[in-house]
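Please look over the chain below before reading on. The paragraphs that follow go from its overall layout to a few individual residues.

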Amino acid sequence: MKQHKWSIENIAFGSGGALLQKLTRDLLNCSFKCSYVNVFKDPVADPNKRSKKGRLSLHRTPSGDFVTLEEGKGDLEEYGVDLLHTVFQNGKIVKTYTFDDVRDNAKLKESELEELLH
């Protein structure tokens, strides 16, 4: 895109129906959205699809669950280190992942996978 001098605003990420053996983004509660600034959606017809606002941080609770804090809410010390990493900053790639890294990060525990499929 840089070589062709296209605007970054022309990039959109998404996933649709039947992706991942019919484990859809809605079933997995997974989507990619701009969130650093207060860009969000809050559909009247489906409040469950409301997106989080502002800069997000991801933390693991003592029980092993994940919690996402939005707009600086919550006590970060209670949850410990932010698990999100900066990948792009000011148009530069600052962290890269191999495909094996992505696979390892995406692995579900056997119990989590069985729960999704039943």
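Helices (H or I, at least four residues) and strands (E, at least two) are taken here as DSSP runs and are numbered from the N terminus. On that basis the protein has five helices and four strands, and, read along the sequence, these elements follow the pattern α-α-β-β-α-β-β-α-α. The model is a predicted one, in which local features need pLDDT of at least 70 and side-chain atom pairs count only at pLDDT 80 or more, while totals for chains, interfaces and linings use all residues. Residues are numbered from 1 along each chain as its sequence is written, and side-chain values use heavy atoms, with hydrogens and water left out.

How much of the protein counts as buried? Of its 118 residues, 9% count as buried, where buried means under 20% relative accessible area, exposed means over 50%, and partly exposed lies in between (1.4 Å probe, protein chains only). The accessible surface comes to about 10600 Å², and 54% of it belongs to carbon and sulfur atoms; such areas come from the Shrake-Rupley method with a 1.4 Å probe, and for residues only the protein chains shown count as cover. Among the contacts (heavy atoms within 4.5 Å) with a separation of 6 or more, residues 24 or more positions apart account for 13%.

The structure holds one salt bridge, a term that stands for a side-chain nitrogen of Lys or Arg within 4 Å of a carboxyl oxygen of Asp or Glu. The side chains of Arg50 and Glu70 meet in this salt bridge, at 3.7 Å from N to O. Arg50 lies in the loop between α2 (25–28) and β1 (56–60) and Glu70 in strand β2 (residues 66–70), so the pair ties together parts that are 20 residues apart in sequence. The two partners can also be described by their accessibility: Arg50 is partly exposed, with a relative accessible area of 34%, whereas Glu70 is buried, at 14%. Not counting residues up to four places away in sequence, Glu70 touches Arg50, Lys52, Lys53, Arg55 and Leu56.

The loop between β1 and β2 contains Thr61, which counts as buried because its relative accessibility is 18%. The side chain of Thr61 makes a polar contact with the side chain of Ser63 at 3.0 Å; a polar contact is a pair of N or O atoms within 3.5 Å, where within protein one must be able to donate a hydrogen and the other to accept it, and residues adjacent in sequence count only if both atoms are side-chain atoms. Leaving aside neighbours within four places in sequence, Thr61 is in contact with Val67 and Tyr79.

Backbone angles come next. Most residues other than glycine have a negative phi. Lys5, however, has a phi near 60°, a positive value in a residue other than glycine; Lys5 is placed in the segment before α1 and is exposed, with a relative accessible area of 74%. Asn90, in the loop between β3 (88–89) and β4 (92–93), has a positive phi of about 50° although it is not a glycine, and Asn90 is exposed at 77%.

Which residues make the nonpolar surface patch of about 430 Å²? Met1, Trp6, Ile8 and Ile11 make this patch, and patches are made of residues with over 30% relative accessible area and no salt bridge, like charges being joined within 9 Å and nonpolar side chains (Val, Leu, Ile, Met, Phe, Trp, Tyr) within 5 Å. Ile11 has its place in the segment before α1 (19–22), and with 33% relative accessibility Ile11 counts as partly exposed.
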